[in-house]
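Let's work through a few exercises together. Keep the 3D view open, try each task yourself, and then check the steps.

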Amino acid sequence: MEPKLLSGKKALIVGIANENSIAYGCARMLKTAGADLAITYLNDKAKPYVDKAVSELTPDIYMRCDVTSNDELKNLFREIESKWHQLDILIHSIAFAPKQDLQGHIIDCSKEGFLLAMDISCHSFLRMAHLAKPLMKNGGSLFAMSFYGAEKVVENYNLMGPVKAALEACVRYMAVELGPEKIRVIALSPGPVKTRAASGLDKFDELMLRAREKSPLQTLVEIDDVGAMVAFLASDYAKNITGDTIYIDGGYHIVG
Ligand SMILES: NC(=O)c1ccc[n+]([C@@H]2O[C@H](COP(=O)([O-])OP(=O)(O)OC[C@H]3O[C@@H](n4cnc5c(N)ncnc54)[C@H](O)[C@@H]3O)[C@@H](O)[C@H]2O)c1
């Protein structure tokens with residue numbers, strides 16, 4: 001990683017639960033590339049695990065933010081404005097669906113479970129973009145995490161398939177709306193990574209096995225691979241990339 005690639009850039013990372021989180025790989029690589037970090041944790045219960053993970057990252061801003069709370073979201077962006085006066089990079093790396101809705105048939109999922117999954121995993125990205133836009137005066141980049149199950153039916157991905165499909169569609173519409181402000185919007189689609197969120201999916205180990213066996217590179221993705229891609233995409237080297245879903249999956253999606 002070129003150490004000065006993102007020197008002085010201000011990056012907000014939402015979605016670190018622990019050192020296995022994809023967001024943690026993103027934060028680590030953005031830091032290595034020279035960015036200053038703002039990091040959030042979900043709530044008091046989650047905080048000790050996030051404390052441990054971020055201690056080496058020395059974020060300028062470290063705040064609680066449950067995206068279902070408009071107050072917590074607004075406080076976060078208020079703090080960014082008062083400390084940094086700007087924002088260059090935003091990483092949305094969060095998802096949630098109630099287990100009983102996620103692990104059953106999609107036609108059996110409750111309206112409440114579906115709406116909650118959509119709210120936390122998709123609409124919150126729009127809310128964050130709304131708050132980030134005035135701070136991205138010199139342009140910027142917004143990233144959200146998707147998965148191949150958005151595009152093709154992946155066994156046991158169930159409810160999260162349509163949620164991620166909506167997220168990727170939002171990315172395209174946001175890219176058009178925000179393009180004139182030089183704000184780029186990109187969905188990242190990593191292959192399966194063993195994280196806390198992933199443990200909510202039935203038979204996740206089988207998904208990992210399949211990814212390793214079938215991907216052209218016959219490999220599994222690591223969180224730093226996602227972080228390295230984010231660092232590149234947030235840099236000027238990627239200044240003409242927006243609206244896309246970028247796969248980091250050893251090529252699985254071309255054969256999967
Ligand atoms: N693990 C995988 O295989 C994989 C593959 C592709 C995409 N993704 C996506 O990557 C993203 C990160 O997931 P991960 O796998 O790193 O798991 P993770 O469990 O490490 O991260 C999920 C994060 O979502 C946060 N979150 C949940 N509800 C929230 C709320 N209301 N407000 C704020 N934060 C909330 C959690 O606190 C946690 O930090 C998710 O969007 C996930 O769907 C994961």
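**Exercise 1. Find how many residues surround the ligand, and which are the closest.**

Solution. Start at the ligand: 26 residues surround it, and the closest are Ser-21, Ala-95, Met-145, Thr-195 and Ala-197. Next, sort the shell: it divides into 19 nonpolar, five polar and two charged residues. For this sorting, Ala, Val, Leu, Ile, Met, Phe, Trp, Tyr, Cys and Pro count as nonpolar, Asp, Glu, Lys and Arg as charged, and the others, Gly among them, as polar.

Two notes before moving on. Residues are numbered from 1 along each chain as its sequence is written. You're looking at a predicted model, so local features need pLDDT of at least 70 and side-chain atom pairs count only at pLDDT 80 or more, while totals for chains, interfaces and linings use all residues.

**Exercise 2. Work out the strand order of the open sheet.**

Solution. Helices (H or I, at least four residues) and strands (E, at least two) are DSSP runs, numbered from the N terminus. Two strands pair if DSSP finds at least two bridges between them. Follow the seven strands across and you get β3-β2-β1-β4-β5-β6-β7, with parallel pairing. The edge strands, each pairing on one side only, are β3 (61–64) and β7 (245–248). From one strand to the next, the twist averages 20 degrees. Now zoom in on β1 (residues 10–14) and β4 (residues 89–92): they pair in the parallel sense over four bridges. Ile-13 stands opposite Ile-91 in β4.

**Exercise 3. Describe how α5 and α6 cross.**

Solution. Take α5 (residues 111–132) and α6 (residues 160–178): their axes come within 9 Å and cross at roughly 15 degrees. Axes are lines fitted to C-alpha atoms, for helices over the stretch in contact, and angles run from 0 to 180 degrees between N-to-C directions. So α5 is roughly parallel to α6. (Angles under 35 degrees count as roughly parallel, over 145 as roughly antiparallel, 65 to 115 as roughly perpendicular and the rest as oblique.) Their contact residues divide into twelve nonpolar, one polar and no charged.

**Exercise 4. Are α1 and α8 roughly parallel or oblique to each other?**

Solution. The axes of α1 (residues 22–32) and α8 (residues 223–234) come within 7 Å and cross at roughly 50 degrees. The two helices are therefore oblique to each other. The residues of the contact of α1 with α8 divide into ten nonpolar, two polar and two charged.

How values were computed:
Near = placed C-beta within 6 Å.
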